Amino acid sequence: MDLTTPLGDEVLDLRAGDAVTLSGTVYTARDEAHLRMMEEGIPFDPVGAAVYHCGPVIRDRKEVVAAGPTTSARMNALSGFLLDAGVRALVGKGGMDERVRDELRGRGVYLAFTGGCAALAAARMQVKGVSFEDLGMAEAVWEIELDHLPLIVGIDAHGGDLFEAVRQKAKLQFDQQFNSYKGPGL
Amino acid sequence: MMESASSGLLEAVAAATASALHEAETSLPADVNAAIGRALEREQDPTARAQLENIRENIRYAGERGLPLCQDTGVPVVYLTLPPSVPATADLYEAVAEGVRRATAEVPLRPNVVDPLTRENTKDNTGGGMPTIHVRPGEELTVTVLPKGAGAENCSRIAMLLPSQKGEIARFVAETMLLAGGKPCPPVVLGVGIGATFDGAAALAKEALLLSIDEMDPFEQDLCDAVNALGIGPMGLGGAVTALAVKVKRGHCHTASLPVAVNVQCWASRRATRKVEVEQWT
């Protein structure tokens with residue numbers, strides 16, 4: 001499915017594992033930006049918005065040089081207020097925890113982009129604006145126009161979580177492989 | 001006298017460091033590229049394949065445009081080999097730092113280096129103990145850079161095993177990846193350091209990331225198979241290839257010790273080396 005912001009109820013139809021593209025405006029935010037937004041308010045219209053966990057390299061405040069996703073799990077405890085305000089999609093890498101999975105139920109999705117693919121992402125991005133620039137390049141909120149960024153639905157609005165499914169299978173496999181272990185120290 | 005005699009050499013070291021960083025940040029070594037190609041041959045799952053296709057397209061874009069492969073351009077880890085005629089002076093360390101500052105401005109690199117407690121950014125990727133510089137004696141003066149991103153570095157672990165636990169090394173390595181999941185941007189390369197001391201094992205693990213991943217010995221292959229059996233896959237979304245390779249470096253250790261360190265490296269296993277001609281300045 002091709003998604004375009006502002007996002008609406010179409011995201012509720014998605015299932016974990018679906019491949020989608022995302023176009024339109026996204027807002028970058030990492031740890032510091034989340035904390036600032038909780039204190040001072042969200043500097044963009046959150047209704048239907050997509051928030052991208054990313055600390056980009058931007059040249060001259062206008063050219064996206066590199067903009068791959070950062071580890072989303074750092075924002076596990078910091079995302080509820082965005083979803084409460086109407087944000088429909090969180091974009092990042094590595095998955096998020098059960099708290100976010102519950103917060104997404106019935107209202108939004110977590111979309112996974114390929115970690116490290118900063119040049120690929122940059123080729124499909126244009127800078128439109130910036131907020132909280134005093135936080136520094138990586139932590140500022142950049143307003144970015146996206147053109148068909150290829151993403152995987154990691155967590156859907158029905159509690160489906162591809163990362164968790166993979167993690168549970170990996171744990172089972174690990175226990176089978178190493179079940180004879182009894183020693184101390186680990 | 002030393003300073004004037006060596007100023008050309010110091011400039012050459014700074015230039016070599018900047019040049020190696022430029023190469024490492026914008027292109028992958030041939031062995032890592034080849035391993036990503038082999039991973040794509042093995043993967044059947046469409047989601048896993050999509051991740052690897054994105055990675056390949058990203059490598060191509062970065063190469064065409066001369067831009068960083070990843071926005072986390074990392075912190076610089078630098079390995080120097082010095083011939084007997086070149087002493088490891090403070091000037092030499094400063095020349096390496098100067099190379100880092102140049103690359104930060106020119107590539108450009110994201111300024112990632114901060115004070116650990118105040119979190120104040122130095123803005124040029126240098127600082128106290130940064131770049132980390134490892135010096136070894138050698139026949140030639142070489143500068144090797146290994147820019148290290150935090151996503152993967154943060155998933156690294158060390159264990160002080162008992163001497164009777166050498167059979168548990170595979171468990172510790174696989175457990176490290178089980179805990180890491182998709183966070184370190186798999187398919188990863190794992191550097192494993194076995195032996196030495198607490199600090200030495202970590203250094204060996206990182207040095208193992210400098211080894212070619214074209215081949216693995218049977219022990220390394222066993223560790224790699226144990227990791228790949230977990231099915232974590234590219235980006236933690238499931239798949240056959242969680243690790244492109246596991247490389248091991250060993251050191252002798254205390255008879256009562258068995259330190260094991262795992263340094264996790266993302267698919268962008270970046271490294272580059274420059275040789276610096278010494279004769280003309282000494």
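**Entry 1: A97(B)**

Leaving aside neighbours within four places in sequence, which residues is A97(B) in contact with? I looked this up and found T126(B) and P131(B), where contact means heavy atoms within 4.5 Å. This is a predicted model, in which local features need pLDDT of at least 70 and side-chain atom pairs count only at pLDDT 80 or more, while totals for chains, interfaces and linings use all residues. Residues are numbered from 1 along each chain as its sequence is written, chains are lettered from A and ligands numbered from 1 in the order in which they are written, and side-chain values use heavy atoms, with hydrogens and water left out.

I then placed A97(B) in helix 4 of chain B, residues 90–106. Helices here are DSSP runs of H or I with at least four residues, strands are E runs of at least two, and both are numbered from the N terminus. A97(B) counts as buried because its relative accessibility is 8%; buried means under 20% relative accessible area, exposed over 50%, and partly exposed in between, with a 1.4 Å probe and protein chains only. I also checked M130(B): its C-alpha lies 7.9 Å from that of A97(B), though the two are 33 residues apart in sequence.

**Entry 2: chain B as a whole**

I noted eight helices and eight strands in chain B. Its radius of gyration is 19 Å, close to the 19 Å that the globule rule gives for 282 residues, so chain B is as compact as a globular protein of that length. The radius is taken over C-alpha atoms, and the rule is 2.2 Å times the number of residues to the power 0.38. Of the 282 residues, 56% count as buried. Among contacts between residues at least 6 apart in sequence, 82% join residues at least 24 apart.

**Entry 3: chain A**

Chain A has five helices and nine strands, in the order β-β-α-β-β-β-α-β-α-β-α-β-β-α. For its 186 residues a compact globule would have a radius of gyration near 16 Å, and the 17 Å of chain A agrees with that. I found 58% of its residues counted as buried.

**Entry 4: where the chains meet**
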